[in-house]
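Please open the structure in the viewer and follow the stops below in order. At each stop, select what is named and then read what is to be found there.

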Amino acid sequence: MAQIKAVLTILALTVVSLVLIPLQWLAMKAGHPVQRKLPHLWHVIATRLVGIRIHQEGKPTGDRPLLITANHASWVDITVVGSLIPLSFIAKSEVSGWPVFGLFAKLQRTVFVNRTRRTETGRTADEIAQRMAEGDAMVLFAEGTSNDGNSVLPFRSALLGAATRALGDDGKVWVQPLSVAYRSLHGLPMGRQFRPHVAWYGDMELAGHLWGVFTEGALDVVVTWGEPVEVDATTDRKALTRDLEAAVRAMTVASLTGAGERRQDSAENPAASLFSSGEKPAKAGAEQ
């Protein structure tokens, strides 16, 4: 049954793509504002077809220009984050040549970064800044690569320079940290050993990983928006990078361990704190 469901999901996504791809191509050629919304619609449909349930904490800022800095565990992140609001991604240049994924990335109006040529960093930052100044929310997976889903790698500061290059008329721009954490599969906690079912990193084969996600489905992912940081011309880029990394790491740990959920329950029901215990999760075998 799982394989039949996966085939039907792929067929449904193919039909949706065949309808939306020509529309997006025409919108991009014409420069129509709908080019921001069609990829968002595709991601919303994709998450529902695959069975990805998104639990969102906090909210995206409405301020612009906006750069979103997120952790990165899997290609699934693209669909999860893309379903939240209309936005575009910043990706390594190799992605543009990938089968299917490369086409989708281009239609998402992705800005591609050539990491082997440092001389192009400034040009890329200018392109990102221009897109942000035009009102596009841009997503940067600031680790520079994907991780195993259990941790957050150090953030790289180079492209955060785009934030200061995109200073608006009032001399301000916003950078907002975002955490993506995969919590459960079929309603059961994944734990460290099963999270690589979703995380795609190292030398994992893409086709096999795709099929595994389609056949299993029923993923629960916690997406947490941090407080947006106001950036101006005096902002220290490296200090900003450290602060964003710390914020995303803290939110990710809270989501994976359920700490954020317990804090929310205590806030909504003060009496619940009387029954809380730092040792209870370990005793109950709920370690993530």
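Select Trp98 to begin: this residue is partly exposed, its relative accessible area being 28%. Please bear in mind throughout that the model is predicted.

Next, consider the aromatic rings. The structure holds four aromatic pairs. Where do the two partners lie? Trp75 is in the loop between β2 (66-70) and α3 (76-82), whereas Phe101 belongs to helix α4 (residues 101-107), so the pair ties together parts that are 26 residues apart in sequence.

Now display the surface around these two residues. Trp75 is buried, with a relative accessible area of 12%; this value falls under the 20% that marks a buried residue. Phe101, by contrast, is partly exposed, at 23%.

Show Trp75, Trp98 and Phe101 together: ring pairs link them into a cluster.

For the last stop, move to helix α5 (residues 121-133) and select Thr124, which lies in it. Is Thr124 buried or exposed? Thr124 is buried, as its relative accessible area is 0%.

Terms used
Residues numbered from 1 in each chain as written. Predicted model: local features only at pLDDT ≥ 70, side-chain atom pairs only at ≥ 80, totals over all residues. Heavy atoms only, no water. Helix = DSSP H or I, 4+ residues; strand = E, 2+ residues; numbered from the N terminus. Buried < 20%, exposed > 50% of the residue type's maximum accessible area, 1.4 Å probe, protein only. Phe/Tyr/Trp six-rings, centres within 6.5 Å; stacked < 30°, edge-to-face > 60°.
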